[in-house]
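Let's take a friendly walk through a protein structure. Have the sequence and the 3D view ready, and follow along step by step.

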Amino acid sequence: MAVLTLALLGRPQIVVDDQPVELKSQKAQALFYYLVMARQSHSRQSLAGRLWSDLDEAAARRNLRVELLKLRAAVDEHDEYLESSRETIGLNLQSDYRLDVERFEQCLHGHEPTFEELQEAVELYRGEFLEDFHIRDAPLFEEWVTNERERLSQMARQAT
């Protein structure tokens, strides 16, 4: 099984088996980043609403299907990383993935971190969450990004 590595602290990077993956569609990127960070399934309806709140539900869900196809073609051609049904889409938590945010949180959350964990957290924090990544006409997604940036930035400040 291929290893998916996501660096979302700083400028986002997606790598599969040491090969950088470039998603040309920002909406497909946004969908992937949201699913990876959530680490749980979401209804197609809620995902469509988060990314296309300006459209009616049918059009938003159609756009979601198109972006999901782009995402699968670029990152998930063997259906390893995403699980989807007619109603939901989510990250396959059994897949072989590495997420810098997850490791960053593990180093700092819920216990008194060791010196090594503090050092690792500082190294992982290459910059703000999804640095310079913005989606026009997706205020619900942008609100989520802003909240995550602030939460992770606070954790980083407390670590230093």
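**A guided walk**

Start at Glu142, which you will find in helix 6, the helix spanning residues 139-159. Keep in mind as you look that this is a predicted model. Which residues does Glu142 touch, leaving out those up to four places away in sequence? They are Phe133, His134 and Ile135. Glu142 is buried, yet it has no salt bridge. The nearest side chain of opposite charge belongs to Arg149, and it is 5.0 Å away. A salt bridge needs the charged atoms to be within 4 Å.

Now turn to the sheet. Strands of a sheet pair through backbone hydrogen bonds, either parallel or antiparallel. Here, 4 strands form an open sheet in the order 3-2-1-7, and the pairing is mixed. At its edges are strand 3 (19-20) and strand 7 (97-99), each pairing on one side only. Strand 2 (residues 13-16) runs antiparallel to strand 3, and 2 bridges join them. Look for Val16, whose bridge partner in strand 3 is Gln19.

Helix 1 (residues 26-38) packs on it, touching strand 1 (4-7), strand 2 and strand 7. The direction of helix 1 makes about 100° with that of strand 1. Helix 4 (residues 100-108) lies across strand 1 and strand 7, and runs at about 60° to strand 7.

Finally, find His42 in strand 4 (residues 42-43). Is His42 buried or exposed? His42 counts as buried because its relative accessible area is 14%, and the cut-off for buried is under 20%. Not counting residues up to four places away in sequence, His42 touches Tyr34, Leu35, Leu47, Glu87, Thr88 and Ile89.

How values were computed. Residues numbered from 1 in each chain as written. Predicted model: local features only at pLDDT ≥ 70, side-chain atom pairs only at ≥ 80, totals over all residues. Heavy atoms only, no water. Pairing = 2+ DSSP bridges. Helix = DSSP H or I, 4+ residues; strand = E, 2+ residues; numbered from the N terminus. Contact = heavy atoms within 4.5 Å. Axes fitted to C-alpha atoms, helices over the stretch in contact; angles between N-to-C directions. Buried < 20%, exposed > 50% of the residue type's maximum accessible area, 1.4 Å probe, protein only. Lys, Arg positive; Asp, Glu negative; His and termini not counted.
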